[in-house]
Amino acid sequence: MLDIILLDILIVLYAVRSYPLFRLSSLLFIPYIVWVTFAAYLNLYILIYNPTGA
């Protein structure tokens, strides 16, 4: 789970830092940020409601 959170942070950091130089590239990362955040939510949901790890 920690790796997905780190990935989220790095993606947002890239989008924010690249915005002044490459605005279109930064804006095109918004759907990717949403998708990775949703995937992190799904993983957390599975982790919480399936504690046996099966």
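Visitor: What should I know about the model before starting?
Guide: This is a predicted model, in which local features need pLDDT of at least 70 and side-chain atom pairs count only at pLDDT 80 or more, while totals for chains, interfaces and linings use all residues. Residues are numbered from 1 along each chain as its sequence is written, and side-chain values use heavy atoms, with hydrogens and water left out.

Visitor: How many residues does α1 have, and how far does it reach?
Guide: Helix α1 has 17 residues and reaches 24 Å from its first C-alpha to its last, close to the 24 Å expected at 1.5 Å a residue. Helices are DSSP runs (H or I, at least four residues), numbered from the N terminus, and the expected span is 1.5 Å times one less than the number of residues.

Visitor: Which residues of α1 are buried?
Guide: Ile 4, Asp 8, Ile 11, Ala 15 and Ser 18 are buried in α1. They cover an arc of only 125° around the axis, which puts them on the same side of α1. Buried means under 20% relative accessible area and exposed over 50%, with partly exposed in between (1.4 Å probe, protein chains only). The arc is that of the directions from the helix axis to the C-beta atoms.

Visitor: And what is on the face turned away?
Guide: That face of α1 carries the exposed residues Leu 2, Asp 3, Ile 9, Val 16 and Arg 17.

Visitor: What does Ser 18 contact?
Guide: Leaving aside neighbours within four places in sequence, Ser 18 is in contact (heavy atoms within 4.5 Å) with Arg 23 and Ser 26. Ser 18 has a relative accessible area of 6%.

Visitor: Turning to α3, which residues are buried there?
Guide: Ile 33, Val 36 and Ala 40 are buried in α3. They cover an arc of only 70° around the axis, which puts them on the same side of α3. These buried residues pack against α1.

Visitor: At what angle do α1 and α3 pack?
Guide: The angle is about 165°, with the axes 10 Å apart. The two helices are therefore roughly antiparallel to each other (over 145 degrees). Axes are lines fitted to C-alpha atoms, for helices over the stretch in contact, and angles run from 0 to 180 degrees between N-to-C directions.

Visitor: Which residues make the contact?
Guide: From α1 they are Ile 4, Leu 7, Asp 8, Ile 11, Val 12 and Ala 15. From α3 they are Tyr 32, Ile 33, Val 36, Thr 37, Ala 40 and Asn 43.

Key:
Angles under 35 degrees count as roughly parallel, over 145 as roughly antiparallel, 65 to 115 as roughly perpendicular and the rest as oblique.
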